[in-house]
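Try each task before you read its solution.

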Amino acid sequence: MQENVKRKLKGANPVHDALADDIAARGPLTVAEYMARAVSAYYETQEPFGAKGDFTTAPEISQMFGEMIGAWLVDMWMQMGRPENVKLVELGPGRGTLAADVMRTVSSWPDFKNALTLHLVETSPRLRELQAAALKDYPATWHENFSEVPEGVCFVVANEFFDALPIHQLKKTKDGWRERRVDYDAEHDAFFFTTAPLEFTLDGMMPEDFLNAPEGSVFEISPPSLEIVKQVSERIARNDPDAQGAGGGAALFLDYGHAEAGLGDTLQAVSRHEYADVLEEPGLRDITAHVDFGTLKAVAAQHAAVAGPVTQGSFLIGLGIEARAQKLCENATEKQREDIMTALCRLVAPKEMGRLFKVLALTPRKARIHPAGFALAEGDAHEVSDD
Ligand SMILES: C[S@@+](CC[C@H](N)C(=O)[O-])C[C@H]1O[C@@H](n2cnc3c(N)ncnc32)[C@H](O)[C@@H]1O
(Lines give C-alpha, C1' and ligand atoms only; values in the text may rest on other atoms or scores of the structure.)
Protein backbone atom coordinates (compact mmCIF):
# COMPACT_ATOMS: atom_id res chain seq x y z
CA MET A 1 0.00 0.00 0.00
CA GLN A 2 2.79 2.38 0.99
CA GLU A 3 4.60 1.52 -2.26
CA ASN A 4 1.47 2.44 -4.24
CA VAL A 5 1.22 5.80 -2.47
CA LYS A 6 4.89 6.48 -3.18
CA ARG A 7 4.60 5.52 -6.85
CA LYS A 8 1.58 7.76 -7.25
CA LEU A 9 3.38 10.73 -5.69
CA LYS A 10 6.75 10.22 -7.40
CA GLY A 11 7.11 12.94 -10.01
CA ALA A 12 4.10 14.92 -8.74
CA ASN A 13 6.42 17.36 -6.98
CA PRO A 14 9.90 17.46 -8.56
CA VAL A 15 11.28 19.64 -5.74
CA HIS A 16 10.21 17.07 -3.16
CA ASP A 17 11.86 14.30 -5.20
CA ALA A 18 15.09 16.24 -5.81
CA LEU A 19 15.43 17.11 -2.09
CA ALA A 20 14.72 13.50 -1.09
CA ASP A 21 17.35 12.24 -3.59
CA ASP A 22 19.94 14.74 -2.33
CA ILE A 23 19.34 13.76 1.29
CA ALA A 24 19.73 10.10 0.36
CA ALA A 25 23.04 10.93 -1.35
CA ARG A 26 24.52 13.58 0.97
CA GLY A 27 22.69 13.27 4.30
CA PRO A 28 20.31 15.76 5.99
CA LEU A 29 20.22 19.31 4.57
CA THR A 30 20.52 22.47 6.64
CA VAL A 31 17.22 24.31 7.10
CA ALA A 32 18.82 27.11 5.05
CA GLU A 33 19.41 24.86 2.03
CA TYR A 34 15.97 23.27 2.27
CA MET A 35 14.36 26.73 2.53
CA ALA A 36 16.43 28.28 -0.28
CA ARG A 37 15.52 25.53 -2.73
CA ALA A 38 11.86 25.40 -1.74
CA VAL A 39 11.47 29.22 -1.90
CA SER A 40 13.27 29.54 -5.23
CA ALA A 41 11.09 26.85 -6.84
CA TYR A 42 7.99 28.37 -5.25
CA TYR A 43 8.45 31.83 -6.79
CA GLU A 44 9.37 30.30 -10.13
CA THR A 45 6.36 27.99 -10.46
CA GLN A 46 3.51 29.23 -8.26
CA GLU A 47 1.30 32.32 -8.30
CA PRO A 48 1.59 33.36 -4.64
CA PHE A 49 -0.08 36.77 -4.52
CA GLY A 50 -3.65 37.88 -3.87
CA ALA A 51 -6.97 36.34 -2.88
CA LYS A 52 -6.54 33.39 -5.28
CA GLY A 53 -2.90 32.84 -4.27
CA ASP A 54 -1.34 32.05 -0.90
CA PHE A 55 -0.88 35.48 0.70
CA THR A 56 -1.45 39.19 0.14
CA THR A 57 1.33 41.73 0.64
CA ALA A 58 0.82 45.38 1.62
CA PRO A 59 1.20 46.87 -1.89
CA GLU A 60 -1.33 44.32 -3.16
CA ILE A 61 -3.80 45.47 -0.48
CA SER A 62 -3.85 49.12 -1.53
CA GLN A 63 -2.14 51.71 -3.73
CA MET A 64 -1.88 53.85 -0.57
CA PHE A 65 1.07 51.76 0.63
CA GLY A 66 3.19 52.55 -2.46
CA GLU A 67 2.05 56.16 -2.37
CA MET A 68 3.34 56.59 1.19
CA ILE A 69 6.68 55.05 0.23
CA GLY A 70 6.87 57.28 -2.86
CA ALA A 71 6.29 60.35 -0.67
CA TRP A 72 8.93 59.10 1.81
CA LEU A 73 11.47 58.82 -1.03
CA VAL A 74 10.69 62.32 -2.31
CA ASP A 75 11.30 63.70 1.18
CA MET A 76 14.60 61.78 1.44
CA TRP A 77 15.71 63.17 -1.93
CA MET A 78 14.88 66.74 -0.88
CA GLN A 79 16.66 66.37 2.46
CA MET A 80 19.73 65.08 0.61
CA GLY A 81 19.98 68.17 -1.57
CA ARG A 82 18.23 66.73 -4.65
CA PRO A 83 21.04 64.58 -6.09
CA GLU A 84 20.87 64.35 -9.89
CA ASN A 85 21.40 60.62 -10.37
CA VAL A 86 19.64 58.24 -8.03
CA LYS A 87 19.20 54.52 -8.46
CA LEU A 88 15.84 53.42 -7.07
CA VAL A 89 16.43 49.78 -6.14
CA GLU A 90 13.70 47.38 -5.10
CA LEU A 91 14.73 44.04 -3.60
CA GLY A 92 12.24 41.23 -4.34
CA PRO A 93 9.60 43.27 -6.22
CA GLY A 94 7.00 40.47 -6.51
CA ARG A 95 4.47 41.50 -9.15
CA GLY A 96 5.97 45.00 -9.47
CA THR A 97 2.98 46.63 -7.82
CA LEU A 98 4.95 48.59 -5.23
CA ALA A 99 7.46 49.92 -7.78
CA ALA A 100 4.63 50.92 -10.14
CA ASP A 101 2.76 52.79 -7.36
CA VAL A 102 5.99 54.50 -6.27
CA MET A 103 6.81 55.59 -9.84
CA ARG A 104 3.27 56.88 -10.39
CA THR A 105 3.47 58.85 -7.12
CA VAL A 106 6.88 60.39 -7.77
CA SER A 107 5.74 61.49 -11.25
CA SER A 108 4.22 64.48 -9.43
CA TRP A 109 7.83 65.57 -8.69
CA PRO A 110 9.31 65.54 -12.24
CA ASP A 111 12.81 66.59 -11.10
CA PHE A 112 12.96 63.60 -8.78
CA LYS A 113 11.46 61.23 -11.32
CA ASN A 114 13.94 62.40 -13.96
CA ALA A 115 16.80 61.82 -11.54
CA LEU A 116 15.75 58.18 -11.05
CA THR A 117 16.76 54.98 -12.77
CA LEU A 118 14.94 51.85 -11.69
CA HIS A 119 16.85 48.72 -10.63
CA LEU A 120 15.05 45.53 -9.64
CA VAL A 121 16.79 42.72 -7.76
CA GLU A 122 14.84 39.56 -8.57
CA THR A 123 15.95 35.96 -8.98
CA SER A 124 12.75 34.55 -10.50
CA PRO A 125 12.55 34.82 -14.34
CA ARG A 126 8.76 34.35 -14.13
CA LEU A 127 8.35 37.29 -11.74
CA ARG A 128 10.74 39.44 -13.81
CA GLU A 129 8.25 39.12 -16.68
CA LEU A 130 5.34 40.20 -14.47
CA GLN A 131 7.40 43.12 -13.17
CA ALA A 132 8.27 44.21 -16.71
CA ALA A 133 4.56 44.21 -17.61
CA ALA A 134 3.58 46.21 -14.48
CA LEU A 135 6.40 48.70 -15.14
CA LYS A 136 6.11 48.96 -18.92
CA ASP A 137 6.09 52.78 -18.75
CA TYR A 138 9.32 52.92 -16.74
CA PRO A 139 12.60 51.52 -18.08
CA ALA A 140 14.16 49.18 -15.54
CA THR A 141 17.26 47.02 -15.19
CA TRP A 142 17.15 43.64 -13.46
CA HIS A 143 19.87 42.17 -11.25
CA GLU A 144 20.45 38.82 -9.58
CA ASN A 145 21.69 40.48 -6.41
CA PHE A 146 22.30 43.91 -4.90
CA SER A 147 26.06 43.85 -5.48
CA GLU A 148 25.37 43.95 -9.27
CA VAL A 149 23.66 47.36 -8.98
CA PRO A 150 26.16 49.93 -10.32
CA GLU A 151 27.86 52.23 -7.80
CA GLY A 152 26.27 55.59 -6.96
CA VAL A 153 23.49 57.05 -4.85
CA CYS A 154 20.87 54.36 -4.17
CA PHE A 155 17.44 54.49 -2.58
CA VAL A 156 16.74 50.87 -1.66
CA VAL A 157 13.25 49.57 -0.81
CA ALA A 158 12.45 46.03 0.32
CA ASN A 159 8.99 44.91 1.36
CA GLU A 160 8.53 41.31 2.52
CA PHE A 161 11.90 40.42 1.01
CA PHE A 162 14.04 39.44 3.99
CA ASP A 163 11.41 37.01 5.33
CA ALA A 164 11.93 34.90 2.19
CA LEU A 165 15.71 34.63 2.61
CA PRO A 166 17.10 31.39 4.06
CA ILE A 167 17.74 30.97 7.77
CA HIS A 168 19.86 28.51 9.69
CA GLN A 169 18.20 27.13 12.80
CA LEU A 170 20.30 26.14 15.81
CA LYS A 171 18.73 24.00 18.51
CA LYS A 172 19.88 23.59 22.10
CA THR A 173 20.05 19.90 22.94
CA LYS A 174 21.47 17.95 25.87
CA ASP A 175 24.72 17.94 23.86
CA GLY A 176 24.74 21.73 23.48
CA TRP A 177 23.86 23.86 20.45
CA ARG A 178 23.44 21.83 17.26
CA GLU A 179 22.24 22.69 13.78
CA ARG A 180 18.70 21.73 12.89
CA ARG A 181 18.57 19.81 9.61
CA VAL A 182 15.95 18.26 7.36
CA ASP A 183 16.09 14.51 6.88
CA TYR A 184 13.92 12.20 4.73
CA ASP A 185 12.06 9.04 5.74
CA ALA A 186 11.80 7.00 2.53
CA GLU A 187 9.42 4.46 4.05
CA HIS A 188 6.81 7.10 4.83
CA ASP A 189 7.83 9.44 2.02
CA ALA A 190 8.12 12.31 4.52
CA PHE A 191 10.69 14.90 5.57
CA PHE A 192 11.46 15.34 9.26
CA PHE A 193 13.72 17.51 11.42
CA THR A 194 16.88 16.20 12.99
CA THR A 195 20.00 17.85 14.44
CA ALA A 196 23.70 17.55 13.65
CA PRO A 197 26.90 18.96 15.18
CA LEU A 198 27.66 22.58 14.22
CA GLU A 199 30.05 23.01 11.31
CA PHE A 200 30.96 26.55 12.45
CA THR A 201 31.78 28.37 15.67
CA LEU A 202 29.14 30.32 17.60
CA ASP A 203 31.59 33.16 18.34
CA GLY A 204 29.98 36.48 17.47
CA MET A 205 27.01 34.74 15.88
CA MET A 206 24.73 34.46 18.90
CA PRO A 207 24.13 37.04 21.67
CA GLU A 208 26.01 35.83 24.77
CA ASP A 209 22.78 35.74 26.82
CA PHE A 210 21.52 32.94 24.58
CA LEU A 211 24.50 30.62 24.92
CA ASN A 212 23.07 29.09 28.11
CA ALA A 213 19.46 28.98 26.91
CA PRO A 214 17.39 25.98 28.09
CA GLU A 215 17.25 22.70 26.16
CA GLY A 216 14.78 22.89 23.29
CA SER A 217 15.51 26.58 22.51
CA VAL A 218 15.86 27.51 18.85
CA PHE A 219 18.04 30.34 17.53
CA GLU A 220 17.72 31.58 13.96
CA ILE A 221 20.18 33.45 11.80
CA SER A 222 19.96 34.52 8.16
CA PRO A 223 23.48 35.07 6.75
CA PRO A 224 22.21 36.27 3.31
CA SER A 225 20.05 38.93 5.01
CA LEU A 226 22.99 40.18 7.08
CA GLU A 227 25.21 40.27 3.98
CA ILE A 228 22.69 42.33 1.98
CA VAL A 229 22.17 44.81 4.83
CA LYS A 230 25.95 45.12 5.15
CA GLN A 231 26.30 45.80 1.40
CA VAL A 232 23.47 48.36 1.37
CA SER A 233 24.76 50.22 4.45
CA GLU A 234 28.32 50.26 3.08
CA ARG A 235 26.97 51.70 -0.18
CA ILE A 236 25.12 54.42 1.73
CA ALA A 237 28.30 55.25 3.67
CA ARG A 238 30.34 55.46 0.46
CA ASN A 239 27.94 58.08 -0.90
CA ASP A 240 27.60 60.11 2.27
CA PRO A 241 27.18 63.77 1.16
CA ASP A 242 29.87 64.87 3.62
CA ALA A 243 32.33 62.47 2.06
CA GLN A 244 31.42 63.22 -1.57
CA GLY A 245 30.07 66.79 -1.48
CA ALA A 246 26.67 65.76 -2.81
CA GLY A 247 24.60 62.63 -2.83
CA GLY A 248 23.45 60.39 -0.05
CA GLY A 249 21.42 57.24 -0.18
CA ALA A 250 18.75 55.57 1.89
CA ALA A 251 17.12 52.24 2.53
CA LEU A 252 13.66 51.32 3.76
CA PHE A 253 13.07 47.75 4.91
CA LEU A 254 9.52 46.64 5.74
CA ASP A 255 8.79 43.12 6.90
CA TYR A 256 7.18 41.11 9.63
CA GLY A 257 9.38 40.20 12.52
CA HIS A 258 10.72 41.12 15.93
CA ALA A 259 12.39 44.35 17.00
CA GLU A 260 15.13 42.58 18.98
CA ALA A 261 17.04 39.34 18.53
CA GLY A 262 15.19 36.51 20.28
CA LEU A 263 14.87 32.75 20.63
CA GLY A 264 12.13 30.71 18.98
CA ASP A 265 11.21 28.73 15.89
CA THR A 266 9.54 31.13 13.42
CA LEU A 267 9.88 29.05 10.26
CA GLN A 268 6.43 28.85 8.71
CA ALA A 269 4.63 27.82 5.56
CA VAL A 270 1.47 29.34 4.14
CA SER A 271 -0.83 27.88 1.54
CA ARG A 272 -4.09 29.49 0.39
CA HIS A 273 -3.93 32.00 3.26
CA GLU A 274 -3.67 29.22 5.90
CA TYR A 275 -0.66 28.04 7.88
CA ALA A 276 0.74 24.76 6.56
CA ASP A 277 3.48 22.25 7.38
CA VAL A 278 6.91 23.54 6.25
CA LEU A 279 8.06 19.99 5.52
CA GLU A 280 5.17 19.11 3.23
CA GLU A 281 5.11 20.00 -0.46
CA PRO A 282 8.38 22.00 -0.65
CA GLY A 283 8.24 24.36 -3.63
CA LEU A 284 4.45 24.49 -3.65
CA ARG A 285 4.02 26.54 -0.46
CA ASP A 286 5.41 29.84 0.70
CA ILE A 287 8.09 29.34 3.37
CA THR A 288 9.25 32.32 5.45
CA ALA A 289 10.79 33.18 8.80
CA HIS A 290 10.34 36.24 11.02
CA VAL A 291 12.90 38.94 10.35
CA ASP A 292 15.28 39.70 13.22
CA PHE A 293 15.28 43.50 12.97
CA GLY A 294 17.51 43.82 16.04
CA THR A 295 20.40 42.05 14.31
CA LEU A 296 19.77 43.77 10.95
CA LYS A 297 19.90 47.09 12.78
CA ALA A 298 23.16 46.22 14.53
CA VAL A 299 24.78 45.26 11.21
CA ALA A 300 23.52 48.41 9.44
CA ALA A 301 24.60 50.67 12.33
CA GLN A 302 28.25 49.79 11.68
CA HIS A 303 28.09 51.96 8.55
CA ALA A 304 24.89 54.00 8.44
CA ALA A 305 22.49 55.95 10.65
CA VAL A 306 19.51 53.74 11.49
CA ALA A 307 15.94 54.77 12.40
CA GLY A 308 13.52 52.24 13.86
CA PRO A 309 12.41 49.59 13.84
CA VAL A 310 8.97 51.11 14.29
CA THR A 311 5.71 49.36 13.64
CA GLN A 312 4.21 49.59 10.15
CA GLY A 313 1.08 51.18 11.66
CA SER A 314 3.05 53.95 13.31
CA PHE A 315 5.17 54.51 10.20
CA LEU A 316 2.25 54.78 7.76
CA ILE A 317 0.20 56.96 10.09
CA GLY A 318 3.22 59.19 10.63
CA LEU A 319 3.42 59.62 6.86
CA GLY A 320 -0.26 60.63 6.63
CA ILE A 321 -1.96 57.52 5.28
CA GLU A 322 -5.19 58.39 7.12
CA ALA A 323 -5.41 61.75 5.34
CA ARG A 324 -4.69 60.02 2.03
CA ALA A 325 -7.52 57.54 2.68
CA GLN A 326 -9.90 60.41 3.43
CA LYS A 327 -8.86 62.14 0.21
CA LEU A 328 -9.45 58.98 -1.85
CA CYS A 329 -12.86 58.59 -0.19
CA GLU A 330 -13.97 62.05 -1.33
CA ASN A 331 -14.58 60.97 -4.92
CA ALA A 332 -15.44 57.34 -4.21
CA THR A 333 -18.69 55.37 -4.27
CA GLU A 334 -19.94 53.94 -0.99
CA LYS A 335 -18.52 50.51 -1.89
CA GLN A 336 -15.16 52.04 -2.81
CA ARG A 337 -15.12 53.99 0.46
CA GLU A 338 -15.72 50.80 2.36
CA ASP A 339 -12.85 49.11 0.48
CA ILE A 340 -10.48 52.01 1.14
CA MET A 341 -11.20 51.99 4.87
CA THR A 342 -10.89 48.19 5.03
CA ALA A 343 -7.51 48.40 3.31
CA LEU A 344 -6.39 51.18 5.67
CA CYS A 345 -7.33 49.01 8.64
CA ARG A 346 -5.45 45.99 7.24
CA LEU A 347 -2.30 48.07 6.78
CA VAL A 348 -2.23 49.91 10.11
CA ALA A 349 -4.37 48.19 12.77
CA PRO A 350 -2.31 46.35 15.42
CA LYS A 351 -4.26 43.11 15.02
CA GLU A 352 -3.72 43.20 11.27
CA MET A 353 -0.34 44.22 9.77
CA GLY A 354 0.10 47.34 11.91
CA ARG A 355 2.11 45.87 14.78
CA LEU A 356 3.77 42.64 13.59
CA PHE A 357 5.23 44.39 10.55
CA LYS A 358 8.20 46.63 11.32
CA VAL A 359 10.04 49.32 9.39
CA LEU A 360 13.75 50.17 9.47
CA ALA A 361 15.38 53.10 7.67
CA LEU A 362 19.06 53.57 6.84
CA THR A 363 20.53 56.98 5.95
CA PRO A 364 24.06 58.40 5.71
CA ARG A 365 25.62 59.03 9.11
CA LYS A 366 27.16 62.43 8.48
CA ALA A 367 24.28 63.92 6.54
CA ARG A 368 21.93 64.22 9.56
CA ILE A 369 18.81 63.18 7.70
CA HIS A 370 15.50 62.83 9.56
CA PRO A 371 13.54 60.08 7.86
CA ALA A 372 9.79 60.74 7.95
CA GLY A 373 7.50 58.31 9.77
CA PHE A 374 9.87 57.48 12.62
CA ALA A 375 8.98 60.29 15.03
CA LEU A 376 6.21 58.26 16.66
CA ALA A 377 8.57 55.40 17.31
CA GLU A 378 9.01 55.63 21.05
CA GLY A 379 6.31 53.47 22.64
CA ASP A 380 4.12 53.85 19.56
CA ALA A 381 2.68 57.06 20.99
CA HIS A 382 0.02 57.13 18.29
CA GLU A 383 -1.63 53.77 18.88
CA VAL A 384 -4.00 52.75 16.12
CA SER A 385 -7.35 51.25 16.90
CA ASP A 386 -8.34 47.87 15.48
CA ASP A 387 -11.81 49.16 14.64
C1 LIG B 1 6.97 37.86 -0.58
S2 LIG B 1 7.56 38.36 -2.15
C3 LIG B 1 7.46 40.12 -1.91
C4 LIG B 1 6.95 40.81 -3.10
C5 LIG B 1 6.81 42.31 -3.07
N6 LIG B 1 7.92 42.98 -2.45
C7 LIG B 1 5.52 42.73 -2.41
O8 LIG B 1 5.57 43.38 -1.38
O9 LIG B 1 4.47 42.39 -2.95
C10 LIG B 1 9.29 38.01 -2.15
C11 LIG B 1 10.01 38.48 -3.39
O12 LIG B 1 11.42 38.27 -3.21
C13 LIG B 1 11.93 37.55 -4.34
N14 LIG B 1 13.09 36.79 -3.86
C15 LIG B 1 13.10 35.73 -3.02
N16 LIG B 1 14.36 35.35 -2.77
C17 LIG B 1 15.17 36.20 -3.45
C18 LIG B 1 16.57 36.35 -3.57
N19 LIG B 1 17.41 35.53 -2.94
N20 LIG B 1 17.06 37.35 -4.32
C21 LIG B 1 16.21 38.20 -4.96
N22 LIG B 1 14.86 38.11 -4.88
C23 LIG B 1 14.35 37.12 -4.14
C24 LIG B 1 10.77 36.72 -4.79
O25 LIG B 1 10.93 36.19 -6.08
C26 LIG B 1 9.65 37.77 -4.67
O27 LIG B 1 9.69 38.68 -5.73
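## Exercise 1: the ligand shell

The ligand has 20 residues around it, with Y43, T57, G92, G94 and N159 the closest; a residue is near a molecule if its C-beta atom, placed from the backbone, lies within 6 Å of it. Before going on, note that this is a predicted model: local features need pLDDT of at least 70, side-chain atom pairs count only at pLDDT 80 or more, and totals for chains, interfaces and linings use all residues. Residues are numbered from 1 along each chain as its sequence is written.

**Task.** Find which elements give two or more residues to the shell around the ligand, then sort the shell residues by type.

**Solution.** 
- Step 1: the elements are α3 (31-45), α4 (58-61) and α6 (97-106). Helices (H or I, at least four residues) and strands (E, at least two) are DSSP runs, numbered from the N terminus.
- Step 2: the sorting gives 10 nonpolar, seven polar and three charged residues. Here Ala, Val, Leu, Ile, Met, Phe, Trp, Tyr, Cys and Pro count as nonpolar, Asp, Glu, Lys and Arg as charged, and the others, Gly among them, as polar.

## Exercise 2: the core and a strand inside

**Task.** Work out which residues touch the most other members of the largest nonpolar core, and whether β2 (residues 86-91) is enclosed or open.

**Solution.** 
- Step 1: A residue is buried if 20 or more other C-beta atoms lie within 10 Å of its own, exposed if 12 or fewer, and partly exposed in between, with C-beta atoms placed from the backbone. A nonpolar core is a set of buried Ala, Val, Leu, Ile, Met, Phe, Trp, Tyr and Cys residues joined through C-beta atoms within 7 Å.
- Step 2: the largest core holds 97 residues, and F155, L252 and I321 touch the most other members. As background, nonpolar side chains tend to be buried together in soluble globular proteins.
- Step 3: list the contacts of I321, leaving out neighbours within four places in sequence: M64, M68, L316, L344, L347 and V348. Contact asks for C-beta atoms, placed from the backbone, within 7 Å.
- Step 4: turn to β2. Six of its six residues are buried, so the strand is largely enclosed by the rest of the structure. One face carries V86, L88 and E90, the other K87, V89 and L91, and all of them are buried.
- Step 5: check the partners. β2 runs parallel to β3 (residues 116-121), with six bridges, and V89 has H119 as its bridge partner there. β2 also runs parallel to β5, with five bridges, and L88 sits opposite F155. Two strands pair if DSSP finds at least two bridges between them.

## Exercise 3: a three-stranded sheet

**Task.** Give the strand order of the open sheet that holds β11, and say which strands stand at the edges.

**Solution.** 
- Step 1: the order is β12-β11-β13, with antiparallel pairing.
- Step 2: β12 and β13 (286-288) stand at the edges with a single partner strand each, so one side of each has no neighbour in the sheet.
- Step 3: neighbouring strands are turned by 40° against each other on average, direction ignored; axes are lines fitted to C-alpha atoms, for helices over the stretch in contact, and angles run from 0 to 180 degrees between N-to-C directions.
- Step 4: three bridges join β11 to β13, and Q268 stands opposite T288 in β13.

Note on methods:
Contact = placed C-beta atoms within 7 Å.
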